[in-house]
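Good morning, and thank you for joining.

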Amino acid sequence: MPPTPDVPSAAPPAVPPDKAPRWSLPALIAILILAAVLYSWNLSSSSLNSFYSAAVLSGTQSWKAWFFGSLDAGNFLTVDKPPLALMVMGLSCRIFGYGTWQMMAPMIVAALGTIWILHSSVKRVFGHAAAAVAALVLALTPITVAINRDNNPDTLLVLLMVGGAALALRAVHNGRLLPLVGSAVCFGLAFNTKMLQGYIALPAVFAVYLYAAKPKPARRIVNLLIAAVALAVSSFWWAAAVSLVPASERPYIGGSTDGTAWNLIMGYNGLGRIFGGEGNGGGGGGGGGGFSGTAGLGRLFNDILGGQISWLIPFAAIACVGGLVLCGRAPRTDLTRAALVLWGGWTVLHYLTFAMAEGTMHPYYTTALAPGIAALCGGGGVMLLRAFRTDGRWAWVLPAGLAVTALWAVVLLRRASGWYTWLWPTIAAVMALAIVGLLVFRSGNRARLLAASVAAAIVAAVAGPTAYAWSVPSGSGGGGGMGGTNPTAGPSTGGGFGGPGGGGGGRGGFGGGEMPGGTQAGQAGGFPGGQQGQNGETPGGGQMVPGGGNGELPEDQSGTGGQPSGVGGGNGGGFGGGMGGASSELVSYLEKHQDGAKWLLAVSSSQSAAQLILSSGEPVISMWGWSGSDKAMTLAKLKELVKKGELHYIQIGGGGMGGGPGGGSDVSSEVTEWVQKNGTAVKESEYSAGASSDSASSSQSDQSTIYRLDASDVG
């Protein structure tokens, strides 16, 4: 039976013909346009992560903050990640001005680049049809759409890892050293984006090259050693540079326990993610406070993560195993088998890491699984189709894989009670008809009808993920959310925060109202002035607009008053509503009485500090970092800052010192006691016309109080 252009019947060639079918490039362009729409549509109304937004803003005000990844332009504390993603966004904002689009443009370009690289890599091994399927699956993965519309570093991380994997496969095929070194550099830069998470796929890359590359064994080992040097240099240059700067002249490295980048690598962003602790929660199956449900092999299929990433995992597994069996006794250097092992290893390693992690585990981490799933669905799926057409022993495998895919989609969609109730029966019906068509038109000269059946099966397989993906830019998900802190797609399908067996709001909702660290929703981090920010506005009614240098507002180039939408107040980040922000009256008061101080205010948490930085454009100190375990502020350091006139105002309480981040520790208690004893509480009436003259600086004084300290107060 002659092959059709869309459904080739021959075994996959090691290197497909140079001449591409006429539909190949238009198909790729259409997928990229679709992805660009999903990643950018209605972007100005999206909530970004205020933590990273503040760091990007600070990087536009200070090159030192840009290099270290400091949360504040005064360089007191860094974010808890290496700064590569912040550097990229910061450069864009320095060139084009600070705003949502300026910040997100390089992330969207990175996301589209990932699709293009994956398409190119799959095409070289499995052909054009497989590449188109892989690109489509990656573009429509729900959690990938959600995170590619956010300023978390995962978008850049995935680009670098996919680039590293693609270069490694090229090195396997042509035996040259340069692509292997390029692969190592990509993974090293991925390390400088999210540290050890950038290494998860490395064992698969190492094993595939060591076994399948063309050079002789000794040469392969030498090449790997050279690549290891490149990996080490590209991974550790930033940490080494940080360590060369005296501790007194650099910011405290957020997330570490001793202020060093090396501790951050091995602790909070290393083993702490796997085993818990190190600021990642206590382990014991809690999944870092339950963002993704209970740790275990079934975690990625639970109510929280299932709709984000698991739609095509069963088919990818079937396609990978089937493809490896079809490779049979191929030569050691067979590129098809090497690609299946690499992308299969990528998927398995990420799956096990995310499923079993006892530390912090946000749903959006699973976007790193998407390239492996996509490559296996494309490459392995085409191999199953060819076997289905040419070998009667394989006639059941592809239909079975498609049937399992449709069944799982029905399960996922039925979890979303009342959401697109017509979709799951439609998927079931279309897939059933597609499978019947495959079986009926398998033999004989009916290639076009077979191709139509294949197309219908693909449509049915991606319909569920597409609906979830479109819910992000269209706002049709209907789930509770945590804005840019925990972006997800689709409707809320879980049973609340950290529910049994992985229950939890499909979009990261907190159910019980408790947050990591034991603080309460709406209290953690507190509000200077005790105000509650809502919908991106300050309680005083003023829009929160990040300031430029010297307190000046940047030019409005984002369509949202000059700020990344959602970063100021309730929906902007932190943990949703109630995290940070400040009344415009209070910010004005602090700026008026700053008296030459370097920092506007010192607060307990990075969430509150970030909101204030975005509100005022001025440096604000986060004393205890994101998780509350940072030891950035000590009493001696506080006294020194006050004595030098670099800091006058300190907020205590509000879920911070003595109750929340930093609460309960000896250091925070010591600082709290000294501030209360030596500082002067600011009355709310001093900056708020509607407050009584005897009220403290917070309308809920047991939550937060702001104190003024001067050099004369330091004994």
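Predicted model: local features only at pLDDT ≥ 70, side-chain atom pairs only at ≥ 80, totals over all residues.

Which residues lie nearest the centre of the largest cavity? They are Val137, Thr141, Ile309, Leu312 and Pro465, out of 13 residues that line this cavity. Residues are numbered from 1 along each chain as its sequence is written, and side-chain values use heavy atoms, with hydrogens and water left out.

Let me return to the cavities. A cavity is defined on a 1 Å grid over the protein atoms alone, as a set of points where a 1.4 Å probe fits but cannot get out; lining residues have an atom within 4 Å of a point. Grid points are joined across faces, edges and corners, and a volume is the space filled by probe spheres set on the points. Helices here are DSSP runs of H or I with at least four residues, strands are runs of E with at least two, and both are numbered from the N terminus.

Next, the pockets. A pocket is an open set of grid points with protein on both sides within 12 Å along at least five of seven lines. The largest pocket contains about 610 Å³ of space. Its lining consists of 28 residues, and Ala129, Val133, Val454, Ala455 and Ile458 are the closest to its centre. At least two lining residues are supplied by each of α6, α17, α18 (397-415) and α20. Of these, α20 gives the largest share, with 7 residues.

I now turn to the protein as a whole. It has 24 helices and 5 strands. Of its 715 residues, 62% are buried, where buried means under 20% relative accessible area, exposed means over 50%, and partly exposed lies in between (1.4 Å probe, protein chains only). The accessible surface, from the Shrake-Rupley method with a 1.4 Å probe, comes to about 25,200 Å², and carbon and sulfur atoms account for 62% of it. Among contacts (heavy atoms within 4.5 Å) with a separation of 6 or more, 72% are between residues 24 or more positions apart.

What does the largest nonpolar core contain? It has 177 residues, and those with the most contacts inside it are Tyr39, Ile115, Leu118, Leu300 and Trp343. Apart from it lies another core of 23 residues, including Tyr252, Ala602, Ile621 and Leu641. By nonpolar core I mean a set of buried Ala, Val, Leu, Ile, Met, Phe, Trp, Tyr and Cys residues joined through side-chain atoms within 4.5 Å. Leaving aside residues up to four places away in sequence, Leu300 touches several residues, among them Leu305, Ile309, Tyr351, Phe354 and Leu369.

The strands deserve a moment as well. In a regular strand the side chains alternate between the two faces of the sheet. In β5 (residues 704-708), Ser704, Ile706 and Arg708 lie on one side and Thr705 and Tyr707 on the other, and all are buried. Strand β3 (residues 649-653) runs antiparallel to β5, with 5 bridges joining them; strands count as paired if DSSP finds at least two bridges between them. Within this pairing, Ile650 stands opposite Tyr707, and Gly653 has Ser704 as its bridge partner. All 5 of the 5 residues of β3 are buried. Strand β4 (residues 680-681) also pairs with β5 in the antiparallel sense, over 2 bridges, and there Ala681 is partnered with Tyr707.

Finally, some loop residues. Phe441 is in the loop between α19 (423-440) and α20. Is Phe441 buried or exposed? Phe441 counts as buried because its relative accessibility is 19%. Beyond residues up to four places away in sequence, Phe441 touches Arg446, Leu449, Leu450 and Ser453. Tyr420, in the loop between α18 and α19, has a positive phi of about 45° although it is not a glycine. Tyr420 is partly exposed, at 29% relative accessible area. Asp595, in the loop between α21 (584-592) and β1 (602-603), likewise has a positive phi, near 55°.
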